[in-house]
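This briefing is meant to be read beside the sequence and the 3D view. Please keep both at hand while going through the points.

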Amino acid sequence: MTFLMLVQAPVLASPQFQLDASLERRAAAGREQLELLKRDAASSPCWEAALSKLETGCRALDDETQSRLAIAFTNCHLAKSGLPTYACTDAMTVEACTAPMAASTSGLAFSSYTTFFTHAESICFYLQSQAFQASTEAAVDALHSNSRLAAVRLIELREQTGAVQAVAAATLAEQEAAAAAARALLDAEAAARAGLAALSASQVD
């Protein structure tokens with residue numbers, strides 16, 4: 001009964017990955033910023049190149065990687081507004097890249113850099129939470145699938161066991177019938193011998 005209930009019970013939907021309220025807000029902010037970047041990337045090679053750095057940058061986000069992502073976003077933002085950008089090569093330190101921004105009289109560049117520094121962390125957090133959700137749901141789906149297959153296999157084994165037991169019972173019945181027939185044959189043979197012996201004895205007398 002328990003086995004049948006296990007197989008016939010409805011399969012529950014895979015649990016959805018959930019963040020607590022504060023982390024959900026953080027992920028939502030990252031998602032919003034990412035959508036804005038994607039929109040800009042559709043019409044700007046600068047934003048497209050900066051966005052492509054997220055894929056590898058978010059995998060091992062540390063302070064330097066986050067800073068370099070923010071610098072790339074800042075330069076694209078400044079270029080979009082027709083403002084001067086700030087050179088930053090891989091050979092340069094983050095300090096060397098951001099020092100001219102901080103020294104700017106308007107302060108706009110460094111303020112943008114600071115904002116994008118925060119955005120980069122939020123975007124990476126969103127992307128990582130999405131990746132974790134996808135992998136978690138895939139693992140749960142695989143577990144559900146394997147459980148269903150195991151249940152079906154158990155039913156098949158039980159049916160096969162029942163069939164084997166039925167064949168064994170039929171074979172045993174046939175063996176018992178054959179044994180009974182053999183006993184009857186032996187009894188008849190013994191009776192015939194006894195009758196023959198008696199007949200022989202009467203003819204001698």
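In which helix is N75 found? N75 is found in helix α4, where helices are DSSP runs of H or I with at least four residues, numbered from the N terminus. This is a predicted model, in which local features need pLDDT of at least 70 and side-chain atom pairs count only at pLDDT 80 or more, while totals for chains, interfaces and linings use all residues. Residues are numbered from 1 along each chain as its sequence is written, and side-chain values use heavy atoms, with hydrogens and water left out.

**Helix α4**
- N75 is buried, with a relative accessible area of 13% (buried means under 20% relative accessible area, exposed over 50% and partly exposed in between, with a 1.4 Å probe and protein chains only).
- Setting aside residues up to four places away in sequence, N75 touches T85 and Y86, a contact being heavy atoms within 4.5 Å.
- Q66 also lies in helix α4, which spans residues 63–80, and counts as buried at 7% relative accessibility.
- The side chain of Q66 reaches the backbone oxygen of F117 at 2.7 Å, and beyond its neighbours within four places in sequence Q66 is in contact with L61, F117, A120 and E121.

**Nonpolar core**
- In the largest nonpolar core, which has 28 residues, L37, W47, L54 and F73 touch the most other members; such a core is a set of buried Ala, Val, Leu, Ile, Met, Phe, Trp, Tyr and Cys residues joined through side-chain atoms within 4.5 Å.
- The largest share of this core, 8 residues, comes from α6.
- Apart from neighbours within four places in sequence, F73 has contacts that include L37, W47, L54 and F116.

**Disulfides**
- The structure holds 3 disulfides, each defined as a pair of cysteine sulfur atoms within 2.5 Å.
- C46 is joined to C76 with an S to S distance of 2.1 Å, and because C46 lies in helix α3 and C76 in helix α4, this pair ties together parts that are 30 residues apart in sequence.
- C46 counts as partly exposed at 32% relative accessibility, whereas C76 counts as buried at 3%.
- C58 and C124 are joined at 2.0 Å, S to S, linking the loop between α3 and α4 with helix α6 across 66 residues; C58 and C124 are both buried.
- The sulfur atoms of C88 and C97 are 2.0 Å apart in a disulfide that is right-handed, with 80° about the S-S bond.
- C97, placed in helix α5 (residues 94–103), counts as buried at 1% relative accessibility, while C88 counts as partly exposed at 27%.

Notes. Helix = DSSP H or I, 4+ residues; strand = E, 2+ residues; numbered from the N terminus. Polar contact = N/O pair within 3.5 Å; in protein donor to acceptor, adjacent residues only side chain to side chain.
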